[in-house]
Amino acid sequence: MLEIDNLSNEIDGKAILKGLSLSINAGEVHAIMGPNGAGKSTLAYTLGGRPGYEVTGGEASFDGVNLFSLEPHERAAAGLFLGFQYPVEIPGVSNLQFLRESLNSQRKARGEEPLSGGAFIKLAKEKAALLGLDMEMLKRPVNVGFSGGEKKRAEMVQMGILDPKLAILDETDSGLDIDALKVVGAGINAIMRRPDKAVLLITHYQRLLDYVKPDFVHVLAKGRIVKSGGPELALELEREGYAEVVA
Amino acid sequence: MTALALPTRKQEEWRYSDLDAVASVWPLPAPARIAIQPGASEAYHLIQNAAEGAAAIHDYVIDIADGARLDFHLLNIGGKLGRVTFDVTLGRDSHFELGGAIIGGGDQTLEIVTKVTHAQPDATSGQTIRSILGQRATGSYLGSINVARDAQRTDAFQSVKAMLLDRTATANAKPELEIFADDVKCAHGATVGELDRQALFYMASRGMDPATAKTLLLRSFVAGVFDGVPDEAVKDRLEAAALAKLETLV
């Protein structure tokens with residue numbers, strides 16, 4: 001589904017990713033772990049197409065399409081979802097309006113009919129219930145006045161509504177207490193654990209991986225994948241620390 | 001007014017105007033007069049959407065009598081020059097509310113000029129102005145609030161915000177206060193900004209195409225200006241005209 005080959009990039013002329021390769025197939029959950037400053041968030045933003053994240057070498061293809069030939073909104077319409085470490089606040093635009101415009105933009109790009117107001121509200125209610133988020137929250141402006149945990153739940157509600165093929169979740173576990181972590185973990189499994197979908201979890205800690213079990217774990221350090229393994233690698237990292245494993 | 005010579009840029013209220021366009025319609029007709037009777041409450045609106053290249057100047061002289069109220073909603077979007085001026089005098093315990101939006105592109109010059117005089121005690125006034133300017137357009141708000149010596153307990157505000165879509169567009173905001181009473185509350189604020197790039201990327205990451213995302217952000221920016229329009233049909237017309245204009249800019 002996603003093939004990243006020897007990817008390098010720069011932000012403000014500074015090299016961050018230095019020849020990163022990674023292959024993700026449908027039905028798989030991958031976790032990328034690594035120390036601060038390794039380039040984890042940079043990888044997420046680069047795949048999402050954030051302005052300023054300049055690709056200087058290598059390739060990434062998503063379902064056989066060159067990802068970097070697509071604009072950010074086209075990547076979303078192709079089925080890519082980026083979960084933000086710090087979800088953005090948009091005063092004056094309600095979550096429901098934001099999501100309906102997003103979903104219908106995606107549907108239009110794929111040549112599908114827009115979803116009616118009634119059908120959309122039904123979908124939003126279902127996904128909000130899945131993540132334990134009050135529908136009233138979705139009537140409020142996007143992320144404005146939300147706690148850290150509410151922002152992350154709202155992100156997963158967005159994911160549920162937009163129904164992507166591949167979710168790249170950047171520290172979705174940060175800011176969550178244990179109860180919220182369980183709910184969000186269960187939400188990710190319910191929405192994304194399917195044979196035709198895949199997940200790339202970016203995290204510092206093992207704890208999310210207790211709820212969303214990865215098939216593969218990778219260690220990202222100094223801009224490239226330095227070690228890959230099964231779920232046991234995450235436990236080893238937790239036990240020994242990055243310094244030991246990366247060395 | 002008609003006897004006067006053409007204005008020059010040395011006159012403060014004409015400083016940012018398009019004087020060539022002004023000359024094409026000079027001399028101006030007498031201003032429209034609105035008188036709100038004591039205790040009455042009325043709502044007026046204007047959609048200034050003159051043809052491309054035209055010069056449209058609307059001058060209002062407004063008297064709001066004791067205990068009366070006027071809500072005026074203005075959408076200023078048309079013509080090469082679109083200029084709307086208000087000279088308002090408030091009676092005792094009266095209220096003037098102005099909700100104004102300027103949306104301009106091309107080489108348009110769009111202006112709102114207000115002079116609100118609190119001549120008597122206990123009157124209130126509110127002015128909310130939002131401007132969206134693209135390409136080489138110029139949008140200006142020049143607003144003075146004058147509080148007479150006896151106009152105690154005046155409560156007035158001016159909230160002026162402009163959004164520039166291009167570096168070549170210009171916004172001028174000049175709130176001005178002249179106060180001769182001592183028990184007075186006058187608030188004013190003016191900001192000029194650009195679309196939030198982080199919000200635009202967030203919206204794109206959810207699949208929104210750039211035009212839809214920008215339009216949504218801009219609609220939320222001007223929302224509120226027309227919230228207080230009492231007649232739903234008028235409100236719909238104002239919002240529809242604003243949206244149609246916005247869509248030509250993004």
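Predicted model: local features only at pLDDT ≥ 70, side-chain atom pairs only at ≥ 80, totals over all residues.
Two residues are in contact if their C-beta atoms, placed from the backbone, lie within 7 Å.

View 1. Residues are numbered from 1 along each chain as its sequence is written, and chains are lettered from A and ligands numbered from 1 in the order in which they are written. Of the contacts in chain B with a separation of 6 or more, 82% join residues 24 or more positions apart. Chain B holds four helices and 12 strands; helices (H or I, at least four residues) and strands (E, at least two) are DSSP runs, numbered from the N terminus. Its radius of gyration, taken over C-alpha atoms, is 18 Å, close to the 18 Å that the globule rule gives for 250 residues, so chain B is as compact as a globular protein of that length. The globule rule is 2.2 Å times the number of residues to the power 0.38. Along its principal axes, the C-alpha trace of chain B spans about 55 × 40 × 35 Å.

View 2. Two strands count as paired if DSSP finds at least two bridges between them. Which residue of E9(B) is the bridge partner of B:Lys115? The partner is B:Ser144.

**View 3. A loop residue, B:Thr168.** Look for B:Thr168 in the loop between strand E10 (154–164) and E11 of chain B. Is B:Thr168 buried or exposed? B:Thr168 counts as exposed because it has 11 C-beta neighbours inside 10 Å. The cut-offs are 20 or more other C-beta atoms within 10 Å for buried, 12 or fewer for exposed, and partly exposed in between, with C-beta atoms placed from the backbone. Leaving aside neighbours within four places in sequence, B:Thr168 is in contact with B:Gln135 and B:Arg136.

**View 4. A hairpin in chain A.** Strands E11 (residues 216–221) and E12 (residues 224–229) of chain A pair in the antiparallel sense over five bridges. Here A:Val217 stands opposite A:Gly229. Two residues lie between the strands of this hairpin, and A:Lys222 in the turn has a positive phi of about 50°.

**View 5. Where chain A meets chain B.** The contact takes 19 residues from chain A and 16 residues from chain B. On the chain A side, the elements that give two or more residues are helix H2 (72–77), strand E7 (90–94), helix H3 (95–109) and helix H6 (148–162).

**View 6. A closer look at A:Arg107.** You will find A:Arg107 in helix H3 of chain A. With 15 C-beta neighbours inside 10 Å, A:Arg107 counts as partly exposed. Not counting residues up to four places away in sequence, A:Arg107 touches A:Glu112, A:Glu113, A:Pro114 and A:Leu115.
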